[in-house]
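User: I'm new to reading protein structures. Could you walk me through this one with some questions and answers?

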Amino acid sequence: MALLPVQVTAQARHLAALTSQTDVADGAGQDEVTAIRRELTRVGEQRGGALAQRLAALPALMLVDPGRVAAVVEAAPQAGAAAWGRELGVAAVLEVTLSGYGAIPRRWQWWLIGTGVAEAVVQGVLVAQVIHNPWVPWAVGLEELGSELLTWGGGAWLFNARYAPVVLEARLVASRDGRVLWDDLVMVGVDRKALKRLEPAERERREVVLAVTASRAEQKLARGLKKALRRHGMISPPDAPF
């Protein structure tokens, strides 16, 4: 099996959301934007290496050297997972996307707000059909809309501030025909048990908390992948604990 380089679609408004080791002040404009991009690139490479090590430890599974995989992808960046898999001579290719790192994906938040807006409109229409006062439906709709914006807008902000969410999305693609053999989405808010084993000063460092959370997310993803590999006959039980 080949693990493709981890794709990073996660975003951050401020560098402090990703690391405490920063001398870039808030509002530093393009300097901070560049620093955020650089940090997310570094994180993607780091997490890809950690996940590769975890998968390489799985008995009876041969994982292609990440350097070779990267070379094949760079040589034909538009080819796609199945074509890369055939070039590498593997049965399947694993695509992993880091879509949330220190914050839930923005598209989730907008989707939740969007459903709230739709609900507000529906309630306003229903009230209008019962009460023939033109102002009451507007009041009901606006009240519902404000409630949803507060819940999903403010709630997401509080969740991101209180926790260190990491979101991984994965697909296992068959090299022969491009069929998706397995897909999964894993989100971990924080791994408090692992953090308790660290020194108090380490627990305060944002990059450490995120790395610990990411490790937990990778473990959950690997367990799901292991079951999928067994189901498709790519590994055979019994094997060592994973």
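Predicted model: local features only at pLDDT ≥ 70, side-chain atom pairs only at ≥ 80, totals over all residues.

Analyst: Residues are numbered from 1 along each chain as its sequence is written, and side-chain values use heavy atoms, with hydrogens and water left out.

User: How many helices and strands does the protein chain have, and in what pattern?

Analyst: Helices here are DSSP runs of H or I with at least four residues, strands are runs of E with at least two, and both are numbered from the N terminus. By that count there are eight helices and five strands. Along the sequence, the pattern reads β-β-α-α-α-β-α-α-β-β-α-α-α.

User: What percentage of the residues count as buried?

Analyst: Buried means under 20% relative accessible area, exposed means over 50%, and partly exposed is in between (1.4 Å probe, protein chains only). The chain has 242 residues, and the buried share is 39%.

User: Which residues of α3 are buried, and why are they on the same side?

Analyst: Helix α3 covers residues 81–88. The buried residues are Ala81, Ala82, Trp84, Gly85 and Leu88.

User: What covers that buried side, and which exposed residues are on the face turned away from it?

Analyst: The cover includes β1 (2–3), α2 (66–75), β3 (92–101) and β4 (166–174). Turned away from the buried side of α3 is a face that carries the exposed residues Arg86 and Glu87.

User: Which residues does Glu87 touch?

Analyst: Glu87 sits in helix α3, and at 57% relative accessibility it counts as exposed. Its C-alpha is 9.7 Å from that of Val73, 14 residues apart in sequence. A contact means heavy atoms within 4.5 Å. Leaving out residues up to four places away in sequence, Glu87 touches Arg68 and Val72.

User: Which residues of α2 are buried, and what do they pack against?

Analyst: The buried ones are Val69, Val72 and Val73. Looking down the axis of α2, they fall within an arc of 100°, so they line one face of the helix. On the other side, Glu74 and Ala75 are exposed. The buried residues of α2 pack against β1 and α3.

User: Which element gives the largest share of the lining of the second largest pocket?

Analyst: A pocket is found on a 1 Å grid over the protein atoms alone: it is an open set of points where a 1.4 Å probe fits, with protein on both sides within 12 Å along at least five of seven lines, and lining residues have an atom within 4 Å of a point. Here 20 residues line the second largest pocket, with Leu4, Pro5, Val6, Gly44 and Glu45 nearest its centre. The elements that give two or more residues to this lining are β2 (7–8), α1 and α2. The largest share, eight residues, comes from α1.

User: How far apart are the C-alpha atoms of Arg54 and Ala222?

Analyst: Arg54 belongs to helix α1 and is partly exposed, with a relative accessible area of 24%. Although Arg54 and Ala222 are 168 residues apart in sequence, their C-alpha separation is 7.6 Å.

Technical notes
Arc of directions from axis to C-beta.
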